[in-house]
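The points proceed from each chain as a whole to particular sites.

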Amino acid sequence: MTPISRQSRDPLPYLVLPALMALALAAMKFSAWLTLTVAGLAVGCMLFLAAIGLTLIFGLMDVLNFAHGGFVTLGAFIAVAVLTALPIAGGGVAAALGVVALALAAAAAAGGGLGLVFERLLIRRVAGAPLRQILVTVGGGIILQQVMIVLFGAEPLALPRPEALRGGFIIAGAALERYRLMVCLLGLLVYAATHLALNRTRLGLLIRASVENREMVEALGFRAERLFRLVFAAGTALAALGGVVWALYAGMVTADLGADIIILIFIVVIIGGLGSVSGCFLAALLLGLANNYVGFLAPKLALGTDIALMLAVLLWRPRGLLPMDGA
Amino acid sequence: MAEAMPLLELAGVHTHIGRYHILHGVDLAVPEGRVSVLLGRNGAGKTTSLRTIIGLWRASHGAIRFAGAEITGHATPDIARLGIAYVPENMGVFTTLTVAENFRLADWRGDPQPARLDAVMAAFPVLAQKWQARAGTLSGGQKQMLAIGRAIATEHRLLIIDEPSKGLAPVMVAQLTEALASLKRARTTILLVEQNFAMAQALGDHVAVMEDGRIVYRGEMAALAADIALQTRLLGLSLASHQ
Ligand SMILES: Nc1ncnc2c1ncn2[C@@H]1O[C@H](COP(=O)(O)OP(=O)(O)OP(=O)(O)O)[C@@H](O)[C@H]1O
Ligand SMILES: [Mg+2]
């Protein structure tokens, strides 16, 4: 596994996930463990989808996009719009998956398109000025949220999951929800696709080279600026994908969705190591699992799980689990 | 020999970096098919001149022409696409990528031609041995070979190299000199910044000397090499003592 840039060859962080799972298994019955693990992995995959764009954009452009949550919210509202426009009451699994795929595509298109506008209007003007970048992306995020309140209203909108994606089945005494399995699959798919794109394509090669030395990439004749725009749009498109998945999970959407989960997203990105794709995936799964296990074993401690996990990881690895070399 | 129009020409070029005025009207001509050497003390403005040519700094006044067309103020990739290869002082090797991957990025149009790569490997056999190694694990000399190898892995009209001998062991310098000499024999146009006398003299046809952001001397390399007093005046010490 490799993030945007080369990561440390340290194998220990990869062992944290199986260690946590083993620890939890020792503390509970297998059926409970399996249920919690699948559910936790699903939450982790949703977190990953919501967070991956933030870490990609930071890794390549050195831009921390505080408006990222707004793009997640956008994706959620697009999901509401698509599923409302195409009700498939009682339709089969294929129809349900088709509509969800359509919502994902529409959200990615909207998120990517708006990302391009956002980059042109705001990000490009504050290139190389980190402080102003923070202000501009925070401000842009607020505007985004307000515009969505105007467009979709301030009241929560219900988003019933298609019939075929509700419920689940029992395996070995554990209840496995269909939707959660689907989310796990999607998370894996996006992780694999991002990983392959970065490591197996010429475009990915160029992105990794730009992370290290943008000037040299340009001196070789490549238009790094276009590359940056592309990555920014990909990052915001992925945020919108995350929004769709969250919305279908929660069953309802408000304009606060992005603001509500942005802290979690930042925790994932920080634990994983800023800019690291594999780190982001690992951290998201960790967070999802830890929350579920702790919530089951010691409900009173559940609220502090995220912060405690971040603290523990940062004390152990101050730059996150899988930091980029030289970052 | 009558001078045809130079391939690259700087006329009265000024460059500011932030609020510092670094280049104060540089006039420089790089004739086609020749090796031009740019000399000057540390901090004279050699690197700044090269960076201004390739568009990494923007000239605040003056004109830069390449192959008859004005390129002043153009974006770096556009300048590079006209056929200029630039090997910076820090070599610009992508250390997180493998040697093979570095070569894949030699040409913005696509993967470089195998025949051309073979020629580079013949000049720098060590790169073939290290083909799958991360460039960050190469020695300084190997990195320099990779940087120059990558620059010549595709056809260029002008090769700009900033102090290739810097920090290298004498054997490495000799090997690099030989590689560049064979480019010279093939009539490659080169603009070379170099402080190592043996290398500068072996390769240079023309020479220009910079001081405080201006060209203060221009002439044939042979003439400067023969005139110890002139060297002392221009460079503070004879070129020979740089070895
Ligand atoms: N990024 C920068 N910011 C401010 N000043 C700079 C910068 N880069 C170079 N300078 C200044 O510009 C002047 C010329 O620097 P330059 O690197 O062009 O010299 P040089 O002739 O290449 O020297 P050397 O032989 O040491 O490589 C120096 O005084 C240097 O301090
Ligand atoms: Mg220099």
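1. A residue is called buried in this note when its relative accessible area is under 20%, exposed when it is over 50%, and partly exposed in between. The model under discussion is predicted. By that criterion, buried residues make up 53% of the 327 residues in chain A.

2. Overall form of chain A. The secondary structure of this chain consists of 12 helices and 4 strands. Its radius of gyration is 20 Å, in agreement with the value near 20 Å that a compact globule of 327 residues would have. Along the principal axes, the C-alpha atoms of chain A occupy a box of roughly 60 × 45 × 35 Å.

3. Contacts and surface of chain A. Of the contacts in chain A with a separation of 6 or more, 78% are between residues 24 or more positions apart. The accessible surface of the chain is about 13800 Å², and carbon and sulfur atoms contribute 72% of that area.

4. Overall form of chain B. Here the secondary structure comes to 10 helices and 10 strands. The radius of gyration of chain B is 17 Å, close to the 18 Å given by the globule rule for 243 residues, so the chain is as compact as a globular protein of that length. The C-alpha atoms of chain B fill a box of roughly 45 × 40 × 40 Å along the principal axes.

5. Burial, contacts and surface of chain B. Buried residues account for 55% of the 243 residues in chain B. Among the contacts of this chain between residues at least 6 apart in sequence, 66% join residues at least 24 apart. Chain B has an accessible surface of about 10300 Å², with 53% belonging to carbon and sulfur atoms.

6. B:Thr47 is partly exposed, with a relative accessible area of 23%. B:Glu89 is likewise partly exposed, at 27%.

7. Helix H6 of chain B. This helix (residues 140–152) has 13 residues and spans 19 Å from its first C-alpha to its last, close to the 18 Å expected at 1.5 Å a residue. H6(B) is mostly covered, with 12 of its 13 residues buried. Among the buried residues are B:Lys143 and B:Arg150, together with B:Met145, B:Leu146, B:Ile148 and B:Ile152.

8. An aromatic pair between helices of chain A. Over all chains, the count of aromatic pairs comes to 10. One is formed by A:Phe71 and A:Phe118, whose rings are edge-to-face at 5.4 Å centre to centre, with 85° between the planes. The pair links distant parts of the chain, since A:Phe71 lies in helix H3 (residues 68–85) and A:Phe118 in helix H4 (residues 93–121) of chain A, 47 residues apart. Both A:Phe71 and A:Phe118 are buried.

9. An aromatic pair within a helix of chain A. A:Trp246 and A:Tyr249 also form an edge-to-face pair, with 6.4 Å centre to centre and 90° between the planes. Both residues lie in helix H9 (residues 224–250) of chain A, 3 residues apart, about one turn of the helix. An α-helix has 3.6 residues a turn, so residues three or four places apart point the same way. A:Trp246 counts as buried at 11% relative accessibility, while A:Tyr249 is partly exposed at 26%.

10. An aromatic cluster. In chain A, ring pairs join A:Phe48, A:Tyr191 and A:Phe281 into a cluster.

11. Is A:Asn291 buried or partly exposed? At 24% relative accessibility, A:Asn291 counts as partly exposed. Leaving aside residues up to four places away in sequence, A:Asn291 touches A:Ala302, A:Thr305 and A:Asp306. The C-alpha atoms of A:Asn291 and A:Gly304 are 9.2 Å apart in space, and the two residues are 13 apart in sequence.

Definitions and conventions
Residues are numbered from 1 along each chain as its sequence is written. Chains are lettered from A and ligands numbered from 1 in the order in which they are written. This is a predicted model: local features need pLDDT of at least 70, side-chain atom pairs count only at pLDDT 80 or more; totals for chains, interfaces and linings use all residues. Side-chain values use heavy atoms; hydrogens and water are left out. Buried means under 20% relative accessible area, exposed over 50%, partly exposed in between (1.4 Å probe, protein chains only). Helices (H or I, at least four residues) and strands (E, at least two) are DSSP runs, numbered from the N terminus. The expected span of a helix is 1.5 Å times one less than its number of residues. The radius of gyration is taken over C-alpha atoms; the globule rule is 2.2 Å times the number of residues to the power 0.38. Contact means heavy atoms within 4.5 Å. Accessible areas come from the Shrake-Rupley method with a 1.4 Å probe; for residues, only the protein chains shown count as cover. Rings of Phe, Tyr and Trp (its six-membered ring) pair if their centres lie within 6.5 Å; planes under 30 degrees apart count as stacked, over 60 as edge-to-face and the rest as tilted.
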